[in-house]
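Hi everyone, thanks for coming. Today I'd like to walk you through a few packed helices and a couple of single residues, so let's bring up the structure.

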Amino acid sequence: MTRKELDSHRHPSEAGLFWLSMIVVVPICLAAIALVFATLGIALVVVASIIISVWFGTHIAMGWFLGNCVKVSEENFADIHKAIGEYQELFGYRGKVEAFVYEAGTYNVLLLPLLRRKFILINSDVVANAQSDNEVRWIVARFIGALASKHYRFAWLQVVITSIEKIAMFNLLLYPYERAVAKSGDQLGLCAIGGDLPSALNAMHKFMAGGAVGGRVNLAGVLSQHEATRGSFFAWLAKCLSPFPHNTQRVVNLLRYAGERYPLPLQALLAQHDAATAKRIRQAAGFAAGESEAEPAPAGSAVAL
């Protein structure tokens with residue numbers, strides 16, 4: 001996949017929100033450079049100490065993963081290992097990515113970036129409760145896709161952005177970009193599995209409710225929840241304080257994206273539901289197209305469309 005092709009699968013708000021984040025990043029970088037000169041290089045010693053500490057912590061974490069989790073390899077979970085390689089090649093991401101399967105109580109997958117090494121931590125519940133290979137492949141592909149999406153936007157700045165996010169007061173300007181990247185990852189994941197919309201939606205439902213009951217989640221109910229959040233000030237505020245979009249919003253964005261790039265799978269999904277649910281799905285695919293992470297805060301209480 002060329003960079004132009006990858007760009008075509010990004011969420012439409014990502015590029016603009018990246019430059020919004022630069023309003024915070026650039027002044028802080030300039031201030032840091034000025035501080036180095038003002039302190040006659042003492043600040044560089046502090047930065048070097050921090051880098052060494054992070055490097056040391058990275059290797060401790062790697063030792064813990066190797067000693068307590070199952071590393072994804074040709075010997076264990078070979079299908080996931082193969083998928084990681086395929087999607088790195090597809091999206092042109094050359095960084096080192098390792099994955100471990102761990103046991104915990106919730107259906108979840110985490111991306112842990114430690115300097116140049118990236119770890120994908122896959123809950124065993126994800127593997128055990130997948131209804132199809134494409135569910136796990138979508139999850140893996142969305143992480144690789146998000147890494148590739150960030151990698152092409154001045155990769156060295158991602159370290160700076162991640163560091164500045166530790167200062168909570170700047171997050172209102174930085175988090176919109178992170179949320180857009182999450183949506184880009186979802187879209188690139190759907191691209192990687194050939195537009196298999198049901199598998200992507202099933203995985204999203206399990207993120208919301210857990211692997212054991214995720215299969216019982218009704219899409220119509222999720223869409224109803226999303227409609228309610230669109231007019232809620234507190235739902236908007238909760239989103240602003242998080243680097244991740246609401247899961248209901250991610251479901252709707254997948255429908256919008258499928259309508260643009262994979263209309264046949266979307267039509268097949270419509271055919272599987274009754275008329276009322278099909279109407280909700282069509283509405284979701286339509287009204288999601290106008291959404292933006294930069295939208296102003298709603299003024300009233302929850303409303304239904």
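Before we start, one definition: helices (at least four residues) and strands (at least two) are DSSP runs, numbered from the N terminus. Please also keep in mind that this is a predicted model.

Let's begin with a loop. Between strand E1 (70-71) and helix H4 (78-91) you will find Phe77. Phe77 has a positive phi of about 55 degrees, although it is not a glycine. Is Phe77 buried or exposed, or something in between? With a relative accessibility of 29%, Phe77 counts as partly exposed, because that category lies between the 20% and 50% cut-offs.

Now to the helices. Two packed helices are described by the angle between their axes and the distance between the axes.

Our opening pair is helix H8, residues 171-192, and helix H12, residues 247-261, which pack at an angle of about 50 degrees with their axes 10 Å apart. H8 and H12 are therefore oblique to each other, and H8 passes H12 in a right-handed crossing. Who meets whom here? From H8 come Lys183, Asp186, Gln187, Leu190 and Cys191, and among their partners in H12 are Arg250, Leu254 and Tyr257. Sorted by class, this contact of H8 with H12 has five nonpolar, three polar and four charged residues.

The next pair brings in helix H9, residues 197-209. H9 and H12 pack at an angle of about 175 degrees, and their axes are 10 Å apart. That makes H9 roughly antiparallel to H12. On the H9 side, the contact is made by Leu197, Ala200, Leu201, Met204, Phe207 and Met208, while the H12 side includes Val251, Leu254 and Leu255. By class, the contact of H9 with H12 has ten nonpolar, two polar and one charged residues.

At 1.5 Å a residue, the 13 residues of H9 should span 18 Å, and its end C-alpha atoms are 18 Å apart, which agrees. Several residues in H9 are buried, including Leu197, Ser199, His205 and Lys206. Another residue of helix H9 is Ala203, which is buried with a relative accessible area of 0%. Just after H9, Gly210 takes a positive phi of about 100 degrees.

That's my tour, and I'm happy to take questions!

Terms used. Residues numbered from 1 in each chain as written. Predicted model: local features only at pLDDT ≥ 70, side-chain atom pairs only at ≥ 80, totals over all residues. Heavy atoms only, no water. Axes fitted to C-alpha atoms, helices over the stretch in contact; angles between N-to-C directions. Parallel < 35°, antiparallel > 145°, perpendicular 65-115°, else oblique. Left-handed = near helix turned anticlockwise from the far one by under 90°. Contact = heavy atoms within 4.5 Å. Nonpolar A, V, L, I, M, F, W, Y, C, P; charged D, E, K, R; others polar. Expected span 1.5 Å × (residues − 1). Buried < 20%, exposed > 50% of the residue type's maximum accessible area, 1.4 Å probe, protein only.
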